Amino acid sequence: MKRKPPSDSPFEAQRKAAQRSALNALKRARRSADKAGVSLSEWEGEFLDSVGERVKTHGRAFADPEKGAPGQALSAMQGRKLKEITAKAKGEEPKRRWGRKPKEP
């Protein structure tokens, strides 16, 4: 019985897990939008495609280490946009930013 060689380091395993998680989240967002019949804007579709390609190619979708945690595959803003696209696909209302209430007429 052959065993797998031990992984390089726990950090490497965490990085690979973050990469798989990000790719799965991107696929889920696309699938839920297609299933619900929600049409994504051209920008949103391009965002999902380009981020997915960068994660597959480089292991993460951002180059500047100050934009996200070292072991994460998506930056903070990419994660936020992904959540917004997923919420749109589910038909949920967008969350308010900065705690502002909408202006009343």
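Two residues are in contact when heavy atoms lie within 4.5 Å. Keep that in mind as we tour this predicted model, where local features need pLDDT of at least 70, side-chain atom pairs count only at pLDDT 80 or more, and totals for chains, interfaces and linings use all residues. Residues are numbered from 1 along each chain as its sequence is written, and side-chain values use heavy atoms, with hydrogens and water left out.

**Stop one: Ser-75.** Select Ser-75, in the loop between H2 and H3; helices here are DSSP runs (H or I, at least four residues), numbered from the N terminus. Leaving aside neighbours within four places in sequence, Ser-75 touches Phe-62, Lys-67 and Gly-68. Ser-75 is buried, with a relative accessible area of 9% (buried means under 20%, using a 1.4 Å probe and protein chains only).

**Stop three: helix H3.** Select residues 76–90, the 15 residues of H3. Buried here are Gln-78, Leu-82, Ile-85, Ala-87 and Ala-89. Show helix H1 (10–36) and helix H2 (42–58) too, as their cover includes both. Just after H3, Gly-91 has a positive phi of about 85°.

**Last stop: helix H2.** How many aromatic pairs does a search of the whole structure find? The search finds 1: Trp-43 and Phe-47, stacked at 5.3 Å centre to centre with 15° between the planes. Ring centres must lie within 6.5 Å to pair, using the six-membered ring of Trp, and planes under 30 degrees apart count as stacked.

How values were computed: Helices (H or I, at least four residues) and strands (E, at least two) are DSSP runs, numbered from the N terminus. The expected span of a helix is 1.5 Å times one less than its number of residues. Buried means under 20% relative accessible area, exposed over 50%, partly exposed in between (1.4 Å probe, protein chains only). Rings of Phe, Tyr and Trp (its six-membered ring) pair if their centres lie within 6.5 Å; planes under 30 degrees apart count as stacked, over 60 as edge-to-face and the rest as tilted.
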